[in-house]
Amino acid sequence: MPTDDTAAVLAYHQRSKHRLDRYAPGPETLDWDAQPDPFRRFAGAPLTRLPLPADDEKAGWRELFSPGAITPHAATLKSVGLLLELSFALSGWKALGPDRWAMRCNPSSGNLHPTEVYLLASGLAYLDDGLYHYAPKEHGLEQRALLSRPPGGANTPRLLVGFSSIHWREAWKYGERAFRYCQLDMGHAIGALRYAAAVLGWRMQEVALSHAEIAGLLGLDRTEDFANAEREEPEAVFELLLAPTIPTMPGTPAEPANWLSGAAWSGQANRLDRRPMYRWPVIDAVAQASRRSLRQAVAPLPALAPRRLLPDTRVAAATLIRSRRSAQRFDRRARLDAARFWPMLAALMPQTGEGLATIPWDAGSMANMKPAVHAVLFAHRIDGLEPGAYLLPRHASALPALQAALPHLNWRPAEGAPPEVPLHELVQNPALAGTLRTLSCHQAIAADAVFVVAMLAEFKAPLGQAPGRYRELLQEAGLMGQVLYLEAEAAGLRGTGIGCYFDDPVHELLGFTGKAPDTWQVLYHFSVGLPVADARITSFPPYDQEARP
Ligand SMILES: Cc1cc2nc3c(=O)[nH]c(=O)nc-3n(C[C@H](O)[C@H](O)[C@H](O)COP(=O)(O)O)c2cc1C
């Protein structure tokens, strides 16, 4: 029997679907000049500027995936600066006519960036033990609270990164569908942090906390500090594992709620939107229904498995991460050779054995669970692969259920697929590119890409176990998107997330019948292709180097 919360989540998912004849409820007009402030600040909180490390981090992209290849950096303010720079800092400014907007290392639906980042630090030289809010425009830490008692030993550095979502940032533009986008963005954020930690030779592990505990730990429940400001939804907290030795027990901090008891707080959250024109109460309802009221079980951290199929690139990981961008247009004549294609798909496979995972699949709730989101590949122009639809089950156990749900499809092993990539041909069809364009809200990138991936989730069964799985499924799909963004760059191509697609028409295209409509759901599309630059847009560096300390 579904609980009320499961029913609420399922109902939300249903009503936030885009349909061919009607988009999900959203604002009818947008006042672009009244766009919410893209930067949350806490007035009155002391700001510590983080060092902007010079471009001297030479670890190669390929090295990230060989356990032990990168010597772990010491926990210093400089390495914290690099960690946050490579994950959430500005990566540049763009200008077109009078408009000027910031780009960041992590992508975000509509460039609206609902994800806020917090740092809990102790035992670090030049930084008081405390809770900090990361301010990307300044590349600085706003001190929210000074810890009254440091966790762990007095001088043992500990670093935790916490996440929250400001729903209004997305809801302002996208209305009811915004909750999904916040969760997809969270998946991208987890990936961005995991790759940045890997550059430093660090690992990370989710801390087992309920959502109420996360709110307490990050100060999100301090009503007085958010008076007149948009509230933040607690999402997740990760501990960075700084030593090469991997703890065998989950990194649950002892009584995290106590860390901040008696702490001295500072800062008043800024209001992002002075004149909100709409309200979307269904977003509050789905957030409430998908909150974890109990701590989740966190299994021991999996050991790192080396990745076997790697892209043929010598690029430094930091350079690749800083230059990641979304393509706005693709060259529709471009083709992709097999040598660059298969490593990209292999990167989506967690390659888990018992207690083993490749980066970035060793972090987050996904580390403890079988993958539940699979990749439907729409191959438009890939050498050696007939145009058509293919399926990559990200865990072998999903295959029989998928075959039973879609018995009319070919289910032949895809030609040329290496053993790491168990790709199955569903159907050959050279006309799918046009269909994909229509089904991706008529966006040309879905047809002009060399391939598109639709993230197909096992849906109703996981939600029946716990309504909180809704967030995790969307985050898993978002993390797959982050992998594709960076792997596309490594292959000399570019990716673009596609959150706008017509849900049920995509299910119908695949052949899911009306009998069990919620058993499988597509949660995200992602396109990869050869980008065409927009010459009208000018780019500027992210920070004025001269003005920095
Ligand atoms: C979850 C998600 C959904 C997105 N959906 C779309 C989309 O439907 N169409 C599109 O052109 N770009 C889409 N994007 C790309 C964003 O617009 C892009 O990430 C943002 O403008 C920031 O630019 P950047 O990726 O170059 O940093 C999406 C990105 C994310 C993370």
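Analyst: Gladly! A crossing is called right-handed if the near helix is turned clockwise from the far one by less than a right angle, and left-handed if it is turned anticlockwise. By that rule, helices H4 and H14 cross in the right-handed sense. Please keep in mind that this is a predicted model.

User: Why are the buried residues of H11 said to line one face of the helix?

Analyst: Helix H11 (residues 432–439) has Leu432, Ala433, Leu436 and Leu439 as its buried residues. Seen down the axis, they fall within an arc of 125 degrees, so they line one face.

User: What do those buried residues of H11 pack against?

Analyst: Their partners are strands E15 (373–379), E16 (388–392) and E19 (451–458), together with helices H12 (445–448) and H15 (503–510). Just after H11, Cys441 has a positive phi of about 55 degrees.

User: Why is E16 called largely enclosed?

Analyst: A residue is buried when 20 or more other C-beta atoms lie within 10 Å of its own. Four of the five residues of E16 pass that test, so the strand is largely enclosed by the rest of the structure.

User: How do you know that E16 pairs with E15 and with E18?

Analyst: Pairing needs at least two bridges. E15 and E16 have five, in the antiparallel sense, with Ala375 partnered by Leu392. E16 and E18 (residues 424–428) have four and also run antiparallel; there, Gly388 stands opposite Gln428. Both pairs therefore meet the cut-off.

User: What makes E4 and E22 edge strands?

Analyst: The open sheet has the order E4-E3-E22, with antiparallel pairing. E4 (99–104) and E22 (538–540) each have a single partner strand, so one side of each lacks a neighbour in the sheet. Neighbouring strands here are turned by 30 degrees against each other on average, direction ignored. Six bridges join E3 (residues 90–96) to E4, and Leu90 stands opposite Arg104.

Methods. Residues are numbered from 1 along each chain as its sequence is written. This is a predicted model: local features need pLDDT of at least 70, side-chain atom pairs count only at pLDDT 80 or more; totals for chains, interfaces and linings use all residues. Helices (H or I, at least four residues) and strands (E, at least two) are DSSP runs, numbered from the N terminus. Axes are lines fitted to C-alpha atoms, for helices over the stretch in contact, and angles run from 0 to 180 degrees between N-to-C directions. A residue is buried if 20 or more other C-beta atoms lie within 10 Å of its own, exposed if 12 or fewer, and partly exposed in between; C-beta atoms are placed from the backbone. The arc is that of the directions from the helix axis to the C-beta atoms. Two residues are in contact if their C-beta atoms, placed from the backbone, lie within 7 Å.
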